[in-house]
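User: I have not looked at this one before. Can you walk me through it?

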Amino acid sequence: MKRFIYLLHRWAGIALCLVMALWFLSGMVMLYVGYPKLTPAEQLQGLPALDGQGCCVPVAQALQASGLESASQWRLSSVAGQPRYTFSDGRGKHLVAVDARSGQRISSVSADQALAAARHFARDAPAELLARVEEDAWTHSKAMDPHRPLYRVAVADEAQRWLYVSGATGEVVRDASFSERSWGWLGAWLHWLYIFRGGAVDAWWTDIVIWLSIAGGVLGLSGLVVGLWRWRFRGRYKSGSRSPYREGFARWHHILGLGGGVLALTWVLSGLFSMNPWKVFEPPGPKPDRAAYAGGPLRADQAGDVGALLRRLASEGQPARQLEWRRVAGEMHVLVQTGAASYALDPNGERRPAWSNAAMREAAARLLPQARIVEQEWLQRYDAYYYSREPHTMTGQRERPLPVLRLRFDDLQSHWVVIDPANGHIVQLSSSRQRTERWLFAFLHSFDLPSLLNTRPLWDGWMLGFSLAGLGLSLSGVVLGWRRLRRHEPGRSLPVSGRSGTEMLR
């Protein structure tokens with residue numbers, strides 16, 4: 001068995017140490033520069049106030065023109081300064097835009113229209129159309145699928161951004177600054193192995209990442225076992241050291257492996273869990289019924305007079321940049337985004353009062369009618385399960401308002417739901433398996449407890465320090481592997497017993 005584990009670690013290291021080194025290096029970059037995204041706040045900043053004069057055709061007319069009679073998401077924003085409805089089925093498969101002034105469906109977006117939209121979004125900064133693309137290095141996200149093809153536009157602003165314009169709606173859906181694009185090659189693109197995306201092996205990208213992560217876990221675990229075998233907890237080697245390696249890369253590899261090997265192992269395994277391999281974190285059984293929580297589909301006859309609403313908001317000094325229609329517990333309301341604030345109105349334009357505790361419990365009970373609400377908790381601050389991250393991180397675009405109400409169910413999957421009393425919206429819904437994933441991925445990968453994140457720069461020192469240790473461990477393994485390959489002669493094997501086991505790792 002010992003011989004097998006020594007050989008396993010040696011050859012796994014030769015095959016994977018370079019990959020591990022690149023993962024550690026790119027992970028350090030991603031601590032500060034993430035994969036490009038357009039956050040809701042950034043998108044609103046690029047939108048002008050909606051003008052109620054001459055706007056807009058009734059929602060019912062626009063919905064009919066869209067052809068999506070069962071659309072579950074309705075939104076009014078603007079493209080190149082012109083109001084535009086957007087309708088979606090909520091599953092990301094169908095997305096249709098309608099001109100809010102003429103009521104005509106947007107059947108296609110031309111290059112000139114895309115360029116005009118990008119220039120307007122960038123506040124008339126000089127812009128140049130670069131290409132029409134289905135997918136490139138910065139648009140691999142599934143969220144981009146309904147918008148493909150995309151127009152890539154270079155903007156001569158301070159950040160030297162590339163703006164990506166939707167070929168379906170004409171709106172800007174992603175931005176990538178020069179800094180994000182430059183560091184991204186060494187960061188997210190490398191870390192997520194996007195070298196395998198968009199090409200002949202794109203269909204196998206998920207499997208490649210999963211199996212490389214599993215192989216990395218085997219490498220790390222076997223290395224810990226070998227390292228402990230070689231360390232003398234009682235007595236010392238003739239050199240006076242507890243490690244058989246007196247100097248050089250072998251000694252550094254041994255020491256770094258014992259000191260940071262456990263963390264290196266948890267990092268590679270937590271990266272594996274981020275892929276939700278074989279859907280292990282998908283909860284079985286009935287899922288919470290969001291449609292029941294809504295209390296029925298959106299109804300166009302309850303959408304209100306859009307133009308009158310916009311004019312009223314403008315007269316009150318709160319011009320809207322975006323409107324979104326939602327239904328909660330059978331009640332229609334309009335979510336108004338001004339750029340500085342967000343609040344809910346009824347279709348007649350009256351402020352809707354905050355939802356009461358009883359009303360939220362009653363609505364939430366419809367999610368899982370076969371279960372009971374057994375506990376409730378008002379969150380006034382972030383905790384281990386409900387918290388926000390910086391915009392550049394993987395979950396940084398998620399809105400996490402406070403205070404919120406968290407309700408716990410007694411169903412088999414122990415669902416928790418978090419509701420925003422300001423508008424009745426569900427802002428988080430999780431099962432016991434998803435909360436397990438939170439610890440196995442998010443915590444082990446980035447130590448993202450609010451109590452730790454609030455201790456910066458100590459958190460930075462922890463993450464960078466152990467990342468550097470992992471990088472040193474991997475690079476020393478690269479050197480040792482390279483030396484072994486140069487010395488290796490076919491047909492010759494070294495014995496493992498006794499002290500000669502040391503030679504196996506040199």
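This is a predicted model: local features need pLDDT of at least 70, side-chain atom pairs count only at pLDDT 80 or more; totals for chains, interfaces and linings use all residues.

User: In what order do the four strands of the open sheet come?

Analyst: The order is β4-β5-β6-β7, with antiparallel pairing. Strands are DSSP runs of E, at least two residues, numbered from the N terminus, and two of them pair if DSSP finds at least two bridges between them.

User: Which ones are the edge strands?

Analyst: β4 (127-133) and β7 (172-176), each of which pairs on one side only. On average, neighbouring strands of this sheet are turned by 25° against each other, direction ignored; the axes are lines fitted to C-alpha atoms.

User: How many bridges join β5 to β6?

Analyst: Five, between residues 150-155 of β5 and residues 162-166 of β6. Arg152, for instance, has Tyr164 in β6 as its bridge partner.

User: Now the rings. How many aromatic pairs are there in the whole structure?

Analyst: The search finds 21. Rings of Phe, Tyr and Trp (its six-membered ring) pair if their centres lie within 6.5 Å; planes under 30 degrees apart count as stacked, over 60 as edge-to-face and the rest as tilted. Tyr85 and Phe87 are stacked, because their ring centres are 5.8 Å apart and their planes are at 20°.

User: Are Tyr85 and Phe87 buried or exposed?

Analyst: Both Tyr85 and Phe87 are buried, meaning under 20% relative accessible area, with exposed being over 50% and partly exposed in between (1.4 Å probe, protein chains only).

User: What kind of pair do Trp192 and Tyr194 form?

Analyst: An edge-to-face one, 5.7 Å centre to centre with 65° between the planes. Tyr194 has 7% relative accessibility, so it counts as buried. Ring pairs also link Trp192 and Tyr194 into a cluster with Tyr35, Trp138, Trp185, Trp189 and Trp205.

User: Switching topic: which residues lie nearest the centre of the second largest pocket?

Analyst: Lys37, Leu38, Glu42, Arg161 and Asp175, out of 15 lining residues. A pocket is an open set of points on a 1 Å grid over the protein atoms alone, where a 1.4 Å probe fits, with protein on both sides within 12 Å along at least five of seven lines; lining residues have an atom within 4 Å of a point.

User: And Leu265, where is that found?

Analyst: In helix α8, residues 248-273; helices are DSSP runs of H or I, at least four residues. Leu265 counts as buried because its relative accessibility is 14%.

Technical notes:
Residues are numbered from 1 along each chain as its sequence is written. Side-chain values use heavy atoms; hydrogens and water are left out. Axes are lines fitted to C-alpha atoms, for helices over the stretch in contact, and angles run from 0 to 180 degrees between N-to-C directions.
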